[in-house]
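Colleague: Before we talk, could you put the structure up, so that I can ask how each label was reached?

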Amino acid sequence: MKTLRDADVGSTVTVVKLHGEGALKRHIMDMGITKGCQIYVRKVAPLGDPVEITVRGYELSLRKSDAESIEIA
């Protein structure tokens, strides 16, 4: 399983599935990250946290732990 944390900087990926339970999954969906949407990985901080992405036309920063719960293709 490849997650958003594993994605290369400069790549565009598609969300396959959201893992997690309850509030975490809802929080990710509220940010506009849903199954089938395209995510462009803009930057990754030197220590890997946070990951800066572009989704649905806006920039967003995610923690490493949150990025691990997003399965991509």
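Colleague: Why is Asp 66 called buried?

Modeller: Asp 66 has a relative accessible area of 8%, and buried means under 20% relative accessible area, exposed over 50% and partly exposed in between, with a 1.4 Å probe and protein chains only, so Asp 66 counts as buried. This is a predicted model, in which local features need pLDDT of at least 70 and side-chain atom pairs count only at pLDDT 80 or more, while totals for chains, interfaces and linings use all residues. Residues are numbered from 1 along each chain as its sequence is written, and side-chain values use heavy atoms, with hydrogens and water left out.

Colleague: Where does Asp 66 lie, and which residues does Asp 66 touch?

Modeller: Asp 66 lies in helix α2, residues 64-67; helices (H or I, at least four residues) and strands (E, at least two) are DSSP runs numbered from the N terminus. Leaving aside residues up to four places away in sequence, Asp 66 touches Leu 24 and Ile 28, where contact means heavy atoms within 4.5 Å.

Colleague: What makes Glu 21 exposed?

Modeller: Glu 21 has 69% relative accessibility, which is over the limit for exposed, and therefore Glu 21 is given that label. Glu 21 sits in the loop between β1 and α1 (22-30).

Colleague: How do you know that β1 and β2 pair?

Modeller: Two strands pair if DSSP finds at least two bridges between them, and strand β1 (residues 12-18) and strand β2 (residues 38-44) have 3 bridges in the antiparallel sense, so they pair. Among the bridge partners in β2, Ile 39 belongs to Val 13 and Gln 38 to Thr 14. β1 is also joined by 3 bridges to strand β5 (residues 70-72), again antiparallel, and Lys 17 stands opposite Glu 71 in β5.

Colleague: What is the order of the strands in the sheet, and what makes β4 and β5 the edge strands?

Modeller: The 5 strands form an open sheet in the order β4-β3-β2-β1-β5, with antiparallel pairing. β4 and β5 each pair on one side only, and they are the edge strands.

Colleague: Which residues touch the most other members of the largest nonpolar core?

Modeller: A nonpolar core is a set of buried Ala, Val, Leu, Ile, Met, Phe, Trp, Tyr and Cys residues joined through side-chain atoms within 4.5 Å. Of the 19 residues in the largest one, those touching the most other members are Leu 4, Ile 33, Ile 39, Ile 53, Leu 62 and Ile 70. Two or more residues come from each of β1, β2, β3 (51-55), β4 (58-62) and β5.
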